[in-house]
Amino acid sequence: MIIQKYEALGELLRSLGKVVVAFSGGVDSTFLLKAALEFLGPDNVLAITADSETYPVREREETIQLASELGAQHEVIQTSELAIPGYAENPTNRCYFCKQELFSHLQPLAAQRGYHHVVFGAIADDLGEHRPGLQAARDRGVRAPLLEVGMTKAEIRHLSRQFGLRTWDKPSFACLSSRIPYGESITLEKLSMIDQAEDFLMQLGFRQVRVRQHDKQARIEVPPAQLAEVVAVAETIVLKLKEIGYTFVSLDLQGYRSGSLNEVLPVSIGGQV
């Protein structure tokens, strides 16, 4: 079944001709870029990374390394979600604004360079979650090849490992704005604090980590199996996060779960990010 989906992905990509890949360096977009290069050839693929206030420096640097390893043409462009009217107010459809901003940059650039389509790494799992960005893609005619052939995260990780992609077991990632509860304003200061806090925790060895920011409180999420490891270095973590600017530092005993801030949303629009 997985091989058939991959073959279908190849047929779909060939039908698109030349493509610009929205490349974040995550599991899905890296796999999509690899597939596009294989089925279309390097001359027909351009990877573009949008660097903004909501995107950690470490992730931007990794996209540069990954694109080089894959032999892809790659460019980094500057965008600013905070400059989008309505975004900083942090509504529940915040991701719609974000993807609109991204695609509004990529589509004209693709047209100018002679690329036929913009593609991004949405997958089948996203259909059951709160993903306003999918609507933004539909509105602008941006294609999601992995989603269109029904590929799941588990299948993408499996094939990524087979293909030797080092992102096969990379933890899930979402933009830094997803750490701030809906309705609380998004500011450069908050994004910087979150980025510094998560970077520090990653340096301590916590690969899958979120620092959810509630005013001046940092709520740390790690996988349940690592809760004791956080407690063991709690003093070090508290000192560093207070230095960053937090007044209170807490550990979420439920552990990491994607989109925990969506738990307050009505069931009709809830999901995960």
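Which residue in β6 is the bridge partner of Gln213? The partner is Ala218.

## Basis of the model

This is a predicted model, in which local features need pLDDT of at least 70 and side-chain atom pairs count only at pLDDT 80 or more, while totals for chains, interfaces and linings use all residues. Residues are numbered from 1 along each chain as its sequence is written, and side-chain values use heavy atoms, with hydrogens and water left out.

## Strand β6 and its partners

Helices (H or I, at least four residues) and strands (E, at least two) are DSSP runs, numbered from the N terminus. Two strands pair if DSSP finds at least two bridges between them. Strand β5 (residues 210-214) runs antiparallel to β6 and is joined to it by 5 bridges. The two form a hairpin with 2 residues between them, and Asp215 in the turn has a positive phi of about 60°.

With strand β7 (residues 248-251), β6 pairs in the parallel sense over 4 bridges; here Arg219 stands opposite Ser250. Strand β6 (residues 217-221) is largely enclosed by the rest of the structure, because 4 of its 5 residues are buried (under 20% relative accessible area, with exposed over 50% and partly exposed in between; 1.4 Å probe, protein chains only).

## Nonpolar cores

A nonpolar core is a set of buried Ala, Val, Leu, Ile, Met, Phe, Trp, Tyr and Cys residues joined through side-chain atoms within 4.5 Å. The largest has 30 residues, and Leu9, Leu13 and Phe31 have the most contacts inside it. Its largest share, 9 residues, comes from α2.

A second, separate core of 24 residues includes Leu176, Ala197, Phe200 and Val211.
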